[in-house]
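Please look over the sequence and the model below. The text then walks through a few of its features, starting with charged pairs.

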Amino acid sequence: MKEGSVDFWKWLAKNVVLAALFVLVLVIVVSALLSAITRHGKEITVPDFSNMSLWEAQKVASASGLELYVKDSVYIRSLKRGVVYDQSPKPGSHVKEGRKIEITRNTVLEQHVKMPNLVGFSLRQARAQLIRNGLKLRKIEYVPDIATNVVLHQNYNGSPIKAGTMIGSGVAIDLVVGKNAEEGMTPVPEVLGRTYQRAVDLLQDNSLNVGNVRFDSTVKTYADSLNAFVYSQFPTSDSEYVEMGSEVSLSLTVDDAKRTF
């Protein structure tokens, strides 16, 4: 083989190797840049911001490489003022670094509404009116009267409350209603699988009160309490009729394994 030919093949091999190295380096650099831009494979588990103040939530979000955006505000009396009520995406979701998390806060200032006049209303009408006015029914107290389930008195914190009185939104009102001796019994509805509020609605619609309420260890946040369902009740729906105004105790969970009904 001539010397020129040998040199040519050496030159070709050298350039092929250099070209391969160049392509390899180029692939590595491009991959690194794409990874940096898209943060491919670097997902963050969204923390649970429930019940945190805005400052606390922002601190946790920043430490996690996330951003917070206050999307809306609500007023919930039972929740601490100014804390996070809801968020999107939900806790436990996997997102890219830098993702904005939308949160809904409980308002800082208490809201007030007018107390309606419920005397003379049926129990069902009175409950509907309370809800329309941003209030809720706490307890039904029965006293002997010719007209069953007609409101005789309206009370707040154990004292009568006049119609037109300004009162905090979301507070619970007690109603004193009549009960005819011949119409004093009611069936117990089955509330298994219902959320707490839906269970309360069904019980009150049947002239019953909520007794002891127990949330099991799976219910850790306010959001959990809203999503929890009843897995046990006493008395059960198999019971014979009970007196109007009787209490039904509830146990709630978010554990689907307890859906045995």
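How many salt bridges does the structure hold? The count is 9. Keep in mind that this is a predicted model.

Begin with Asp-201 and Arg-127. These two form a salt bridge, and their closest N and O atoms are 2.9 Å apart. Asp-201 belongs to helix α4 and Arg-127 to helix α3, so this pair ties together parts that are 74 residues apart in sequence. Is Asp-201 buried or exposed? Its relative accessibility is 18%, so Asp-201 counts as buried. The cut-off for buried is under 20% relative accessible area. Arg-127 is buried too, with a relative accessible area of 9%.

Arg-127 has another partner. It forms a salt bridge with Asp-205, where the closest N and O atoms are 2.7 Å apart. Arg-127 is in helix α3 and Asp-205 is in helix α4, so this pair ties together parts that are 78 residues apart in sequence. Asp-205 has 28% relative accessibility, so it counts as partly exposed.

An α-helix has 3.6 residues a turn, so residues three or four places apart point the same way.

Now look at helix α4 as a whole. It covers residues 196–205. Which of its residues are buried? They are Ala-199, Val-200, Asp-201, Leu-202, Leu-203 and Gln-204. What covers them? The cover includes helix α3 (123–132). It also includes the strands β7 (136–144), β13 (209–215), β14 (229–234) and β16 (247–253). After α4 comes Ser-207, which has a positive phi, near 65°.

Next, move along to Asp-256 and Arg-259. Their side chains meet in a salt bridge, at 2.9 Å from N to O. Asp-256 is exposed, with a relative accessible area of 53%. Arg-259 is partly exposed, at 43%. Elsewhere, salt bridges that share partners join Arg-124, Arg-127, Asp-201 and Asp-205 into one network.

Arg-259 also meets a ring. Its charged end sits over the ring of Phe-229, 3.8 Å from the centre. Lys-258 lies over the face of Tyr-231, at 4.5 Å from the ring centre. What about rings paired with rings? A search of the whole structure finds 0 aromatic pairs.

Where does Asp-216 lie? It is in the loop between β13 and α5 (222–227). Asp-216 is buried, with a relative accessible area of 7%. Which residues is Asp-216 in contact with, leaving aside its neighbours within four places in sequence? They are Tyr-231, Leu-252, Thr-253, Val-254 and Lys-258.

Val-17, Leu-18, Leu-21, Leu-24 and Ile-28 make a nonpolar surface patch of about 470 Å². One of them, Leu-21, lies in helix α1 (residues 3–38). Leu-21 has 47% relative accessibility, so it counts as partly exposed.

Technical notes: Residues numbered from 1 in each chain as written. Predicted model: local features only at pLDDT ≥ 70, side-chain atom pairs only at ≥ 80, totals over all residues. Heavy atoms only, no water. Buried < 20%, exposed > 50% of the residue type's maximum accessible area, 1.4 Å probe, protein only. Helix = DSSP H or I, 4+ residues; strand = E, 2+ residues; numbered from the N terminus. Contact = heavy atoms within 4.5 Å. Salt bridge = Lys/Arg side-chain N within 4 Å of Asp/Glu carboxyl O. Patch = residues over 30% accessible without salt bridge, like charges linked within 9 Å, V, L, I, M, F, W, Y side chains within 5 Å. Areas by Shrake-Rupley, 256 points an atom, 1.4 Å probe, with all protein chains shown as cover. Phe/Tyr/Trp six-rings, centres within 6.5 Å; stacked < 30°, edge-to-face > 60°. Lys NZ or Arg CZ within 6 Å of the ring centre and 35° of its normal.
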